[in-house]
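Me: Could you walk me through this one? I'd like to begin with how the chains meet.
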Amino acid sequence: MADLTTDFLGISSPNPFWLASAPPTDKEYNVRRAFEAGWGGVVWKTLGAEGPPVVNVNGPRYGAIYGADRRLLGLNNIELITDRPLETNLEEMARVKADYPDRALIASIMVPCEEAAWKAILPRVAETGADGIELNFGCPHGMSERGMGAAVGQVPEYIEMVTRWCKQYYDRPVIVKLTPNITDIRKPARAARNGGADAVSLINTINSITTVDLDLMSPEPSIDGKGSHGGYCGPAVKPIALNMVAEIARDPETHGLPISGIGGVTTWRDAAEFMVLGAGNVQVCTAAMTYGFRVVDELKRGLSQWMDDKGYDRVSDFVGQAVPNVTDWQYLNLNYVAKAKIDQEACIKCGRCYAACEDTSHQAISMSPDRVFEVKDEDCVACNLCVDVCPVQGCITMERMAPGTVDPRTGKVVEDGYANWTTHPNNPAARAAE
Amino acid sequence: MAKGHQASGIVAGRLSPQALSENFDDLHAPYAPHEAAVAADRCYFCHDAPCMTACPTAIDIPLFIRQIQAGHPEGAARTILEQNILGGMCARVCPTETLCEEACVRQTAEGKPVEIGRLQRHATDTLMAAGGHPFERAAPTGKRVAVLGAGPAGLACAHRLAMLGHDVVIHEARPKAGGLNEFGIAAYKSTDDFAAREVDWLLQIGGITIEHGKALGRDLSIDALMEGFDAVFLSIGLGGVNALRADGEDRDGVRDAVDFIAELRQASDLGDLPVGRNVVVIGGGMTAVDAAVQAKLLGAESVTIAYRRSRDDMGASRFEQDLAASKGVRLMFNVQPVAVTGNGAASGITLAYTSEQDGQLTPTGETVDLVADQVFKAIGQTLIAPDGIALDGRKIKVDGTGRTSRAGVWAGGDCATGGEDLTVTAVAEGRDAAMDIHGVLSA
């Protein structure tokens, strides 16, 4: 049985599944229930500065998009940071941490970009016994209009500055939570590292309008006929998050910087994918908001089974294992030649591969009057679209052509060995292979 | 005296009103909106979809399902009705298990097709519930067409002609329109008076008059009609019934299944409808199943379908066979009637076992006697041939567009050659003949 115990920045938790800072972690009641359900850690709902708390809208806060059978694929929200007094949150955090010493408890913080504000709150958070802090530089809605959240996360200099303050006034791990609403995620990650951050966590939510009410002509969630962009999360954002995690993991300037992976983690597989791309643990929110805290049972069992199947004894055995295989396009092997192959036994004759290839790709699939679909190797560029649109898993596969055989599309012999764009004769900048 | 199932003879009121109401409820309940969305999500939107090819009216099934998916069930209904104006009834009575749903690739993949029939019903029910009629008539052409028979073929033909601007008079022998939709299919497939409501809805197009009590050969002749109309469309169905050719066929308690079904469909109170205690239905088609199942649902103690050939030869689909079996109807194969016995009224039937060699049935010499106080004949209907029109076998000979041997006369539906005797086929034939008539009248 694999050991799911995770050490992240020296913070131990019984498993790598933390609840992200969000509505599920807003108060003691929820967090106790989460720990009872088996979550390894919790990042408490973001704390604001002392004084009158923020207020939330009194209409709907969430919008959604759905897949088949009303399966929630994406959620967006316009909720702000905690709207409860700072003191109340701090007292509850202290109580919960005392009762659950084996679980990770992280305080998420968002206060104005002034040294005094951070200097004031950090000692009070430290008193709770929290294991570390997460700097919320990510929320894209509401607070960003007041110069906080994503407004900080979009300016690397601010990230570095605030991180440095935190490292100065707080002696436990500092995690910087990054916004994806930026063109190059490496820049804020580098800034966090330069400021002394112990880790980054990402992604926070994405600027979004999920739907528009076509009668009201209002974005949703609609508040009295008007809407504001919200933060998008859930399964739909996972591909964006995976790429950003990988970019930071393979950037020479941030390589080795611990990462807490966030963005649509719903099953063990999602978690494993984040972790092999460099995340030391994952944070979950939408899956819990959709299905309740018990989703952690599947996450734990699933990851444990996969680890047993693959022979990984502990979580650290596989973290980052896929990072070396994330590369630039220019280094992809152009001598790798594949052709689509349709398993006629498995084919159910829907013709989607044909329509996709004929209408939108390379006209490389033929259709007979009795609905037999076959790949024309002389036209197939191995784009994979047929595989992607086929409703039958495993029916269409990409088969690599053996070196020495002739590609009927190009008439050229498939060469052994590796060759990429950097040395390709068509590349104006190609350097002759030495 | 015994009551309920055990009451002797052919009697009414075997079951309570509540039991009858439950028994004759919708065979396939309509979808709730979310059920429809889930069912629609299963459609793969196949290229050159096999379901569409399998539909005699060639409804663009992937498109209408996609319209349901996209939140436009009424738009979906329009897509359906453009091809098949009786799409509402076809959604209920089509043997989808041998048509679109059999061809569905998910049938191939999982043995569980997209439920096209129920989705079609969801769309058409939504449109009809909203009221109004989705089509408008073209400018009047001044041409007049006589349609004989207000069944599916006649209604489809009349609607298309009316839409194209022609004036149509439908001559119908029965007091109500609808044909077999109204008189000939099981009640649990057309609940809440759907057949009549659909006719009323169809007639909203305008330009169609129905004259009841007018039968070809009795009140009307083709020659006379040709005088007053620019074209004639024959959709007279199969008015005759095949004989059993067994001893005792004339005993009380022996009757045609189609009459029993028609009486049941028109009954205002099913509790008043008499049915035997032990019922035997002779035949193997849809009519046999409809009669047998409904006899059982009325409270008959035992109902047996006796079919002279094997299960595989049966005209009723496997789905219909299983439906009958699930209601407690016993299916007997390779048996044919020899004699209906009884002292006056029927009390039993003697069946002879058959074997089939090179398509020929021969008695094996073994017989079996069943108790039977009611015997339904469901061994096929026949054309009452109109004068002066060429036949092909036992049906009116038509070409691909419904033209008969006589210029100016078209035919479609069960009375004409081509296709299976199904509502959906009749609609296709009526529609296509209308387009051809329109072409001729516009020339």
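Me: How many residues of chain A are in contact with chain B?
Reply: In this predicted model, 11 residues of chain A are in contact with nine residues of chain B, where contact asks that the C-beta atoms, placed from the backbone, lie within 7 Å. Residues are numbered from 1 along each chain as its sequence is written, while chains are lettered from A and ligands numbered from 1 in the order in which they are written.

Me: OK, helices now: at what angle do α5(A) and α6(A) pack?
Reply: Helix α5 (residues 156-169) of chain A and helix α6 (residues 186-194) of chain A pack at about 25 degrees, with axes 7 Å apart; helices are DSSP runs of H or I with at least four residues, numbered from the N terminus, and axes are lines fitted to C-alpha atoms over the stretch in contact, with angles from 0 to 180 degrees between N-to-C directions.

Me: So what does that make them, parallel or antiparallel?
Reply: That angle makes α5(A) roughly parallel to α6(A), a label for angles under 35 degrees.

Me: Which residues of α5(A) meet α6(A)?
Reply: Among them are A:Pro156 and A:Ile159, and on the α6(A) side the residues include A:Pro188 and A:Ala191.

Me: And how does the whole model score?
Reply: The model has ipTM 0.89 and pTM 0.92, and for chain B the mean pLDDT is 96, with 100% of its residues at 70 or more.

Technical notes:
Predicted model: local features only at pLDDT ≥ 70, side-chain atom pairs only at ≥ 80, totals over all residues. Contact = placed C-beta atoms within 7 Å. Helix = DSSP H or I, 4+ residues; strand = E, 2+ residues; numbered from the N terminus. Parallel < 35°, antiparallel > 145°, perpendicular 65-115°, else oblique. pLDDT = per-residue confidence, 0-100.
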